[in-house]
Amino acid sequence: MALTREEILAKRNVRQRVPVEVPGMGTLHVAKFTARDRDRFEEIVTGGIPGKVNLRNVRAQVVTLLAVNEDGTRLFHDGDADAIGELDSDAVQAIIDAGFKLNGLNT
């Protein structure tokens, strides 16, 4: 039997997430991207220009999409990227590595 609209839309806030030990900080969770998050990730990486690569504070911007509470809600707003960019690079990289693994992205 085919899925109904209601069954599909009921999965909107159900995403896989895993705990990550962040060096010098403790544990937080990273989540699978939603479709919107994946589009935003690609926009961050390309700077909105297909074929280009944007490296300006890219790790911190991606952390805003990956880091979530235990219930799956985002820990950070997009505007938090500048502050996240001032964190220890090992801590940020631990979040990125776990999030990329969960999302099937190469690091």
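Are Arg-15 and Asp-37 buried or exposed? Arg-15 is buried, and Asp-37 is buried too; the tour returns to this pair below. Buried means under 20% relative accessible area, exposed means over 50%, and partly exposed is in between, with a 1.4 Å probe and protein chains only.

Before selecting anything, note that this is a predicted model, in which local features need pLDDT of at least 70 and side-chain atom pairs count only at pLDDT 80 or more, while totals for chains, interfaces and linings use all residues. Residues are numbered from 1 along each chain as its sequence is written, and side-chain values use heavy atoms, with hydrogens and water left out.

**Whole chain**

Show the protein chain as a cartoon. It has five helices and three strands, in the order α-β-β-α-α-β-α-α along the sequence. Helices (H or I, at least four residues) and strands (E, at least two) are DSSP runs, numbered from the N terminus. Along the principal axes, the C-alpha atoms fill a box of roughly 50 × 35 × 25 Å. Of the 107 residues, 33% count as buried.

Switch to a surface. The chain exposes about 7,300 Å², of which carbon and sulfur atoms supply 51%; accessible areas come from the Shrake-Rupley method with a 1.4 Å probe, and for residues only the protein chains shown count as cover.

**The core**

Select Val-30, Phe-41, Val-62, Val-63, Leu-66, Ile-95 and Ile-96. Within the largest nonpolar core, which has 24 residues, these touch the most other members. Elements giving two or more residues to this core are S1, strand S2 (26–31), H2, H3, H4 and helix H5 (89–102). H5 provides the largest share, seven residues. A nonpolar core is a set of buried Ala, Val, Leu, Ile, Met, Phe, Trp, Tyr and Cys residues joined through side-chain atoms within 4.5 Å.

Now centre on Val-62. Apart from neighbours within four places in sequence, Val-62 is in contact (heavy atoms within 4.5 Å) with Phe-41, Ile-44, Ile-96 and Phe-100.

**Salt bridges**

Next, show the charged side chains. A salt bridge is a side-chain nitrogen of Lys or Arg within 4 Å of a carboxyl oxygen of Asp or Glu, and the count by this rule is six.

Go back to Arg-15 and Asp-37. They form a salt bridge whose closest N and O atoms are 2.9 Å apart. Arg-15 lies in the loop between helix H1 (5–9) and strand S1 (17–22) and Asp-37 in helix H2, so the pair ties together parts that are 22 residues apart in sequence.

Then select Arg-40, Glu-43, Arg-74 and Asp-78, which are linked in a network of salt bridges. Arg-40 pairs with Glu-43, the closest N and O atoms being 3.4 Å apart. Both residues lie in helix H2, three residues apart, about one turn of the helix. Glu-43 is partly exposed at 43% relative accessible area, and Arg-40 is partly exposed at 25%.

Arg-40 also forms a salt bridge with Asp-78, with 3.9 Å between the closest N and O atoms. Asp-78 lies in the loop between strand S3 (67–68) and helix H4 (81–84) while Arg-40 lies in helix H2, so this pair ties together parts 38 residues apart in sequence. Asp-78 is partly exposed, with a relative accessible area of 41%.

**Last stop**

Select Val-53, in the loop between helix H2 (35–46) and helix H3 (58–66). Val-53 counts as exposed because its relative accessibility is 64%.
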